[in-house]
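Visitor: I am new to this structure. Please take me closely through one part, the nonpolar core, and then through what surrounds that part.

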Amino acid sequence: MATRLHPDWRSALVESYAELFDPVGSLSAAPGRPAVDDGWRDLLERACARILATVHLHGGLFRVTEISEKYGTLRIRWEGSLSPEAAARVEEAVDLAEARSATTCEVCGEAGVLRAGDWLATRCDAHAEQRPPVEVEGAVPDLRVERRLVDGRWLTLLLHYDRAGDRFVEADRPPRKGG
């Protein structure tokens, strides 16, 4: 059996996860085909694997409509009809990929930080192009707020992205102003 050659990993991703992209005609013109640099390939493959597993487990309709970069981080847009549980799992997979992009050089895939310049970009030191890291006074990096129903009560959790574990973990609550 002959192996298909792809001009790049983007077409291979669309072909490997055709159920998510619903390509018609050329793989290079498929709706939702990634419009990002090579460094985010791995995190997109992880996201697609998580999403496909969820769709297979729970059923429903799902289609990627856009994968792009905005303000230095990944954006994944989708449409479909999923159960609330499946939609929550898909959104978590998307959130994980977007959070990982904020810590991953879009060029090479190594650890990176958000950098300033003519536009925002997440880059490692080697690909920084003399861009300084973005620093926002008082900001808590990679913070996510999530509400969960636990034992009949709604809890608000502060989570942050753990790059080593590729997951969200509970964050320490910042001290309140004035005490």
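Guide: The largest nonpolar core has 27 residues, and those with the most contacts inside it are Leu20, Phe21, Leu44, Ile51, Phe62, Leu74 and Ile76. A nonpolar core here is a set of buried Ala, Val, Leu, Ile, Met, Phe, Trp, Tyr and Cys residues joined through side-chain atoms within 4.5 Å. Buried means under 20% relative accessible area, exposed means over 50%, and partly exposed lies in between (1.4 Å probe, protein chains only). At least two residues of this core come from each of helix H1 (9-16), helix H2 (18-21), helix H3 (41-58), strand E1 (61-70), strand E2 (73-81) and helix H4 (84-101). H3 gives the largest share, seven residues. Helices (H or I, at least four residues) and strands (E, at least two) are DSSP runs, numbered from the N terminus.

The model is predicted: local features need pLDDT of at least 70, side-chain atom pairs count only at pLDDT 80 or more, and totals for chains, interfaces and linings use all residues. Residues are numbered from 1 along each chain as its sequence is written, and side-chain values use heavy atoms, with hydrogens and water left out.

Phenylalanine 21 is in contact (heavy atoms within 4.5 Å) with Leu13, Val14, Pro31, Gly32, Arg33, Cys48, Arg63, Val64 and Ile67, leaving aside neighbours within four places in sequence.

The 18 residues of H4 should span 26 Å at 1.5 Å a residue, and its end C-alpha atoms are 26 Å apart, which agrees; the expected span is 1.5 Å times one less than the number of residues.

H3 also carries charged side chains. Arginine 46 and aspartate 42 both lie in H3, four residues apart, about one turn of the helix. Their side chains meet in a salt bridge (3.1 Å, N to O), that is, a side-chain nitrogen of Lys or Arg within 4 Å of a carboxyl oxygen of Asp or Glu. Arginine 46 counts as partly exposed because its relative accessibility is 29%. Arginine 46 forms a salt bridge with aspartate 166 as well, the closest N and O atoms being 2.9 Å apart. This pair links distant parts of the chain, with arginine 46 in helix H3 and aspartate 166 in the loop between E6 and E7, 120 residues apart. Aspartate 166 has a relative accessible area of 7%, so it is buried.

Threonine 122 counts as buried, because its relative accessibility is 0%. A polar atom of its side chain lies 2.5 Å from the backbone oxygen of glycine 72.

The mean pLDDT (the predictor's confidence in each residue, from 0 to 100) is 86 for the protein chain, and 87% of its residues reach 70 or more. Over residues 1-6 the pLDDT is below 50. Where pLDDT is low, the predicted coordinates should not be read in detail.

Conventions:
Polar contact = N/O pair within 3.5 Å; in protein donor to acceptor, adjacent residues only side chain to side chain.
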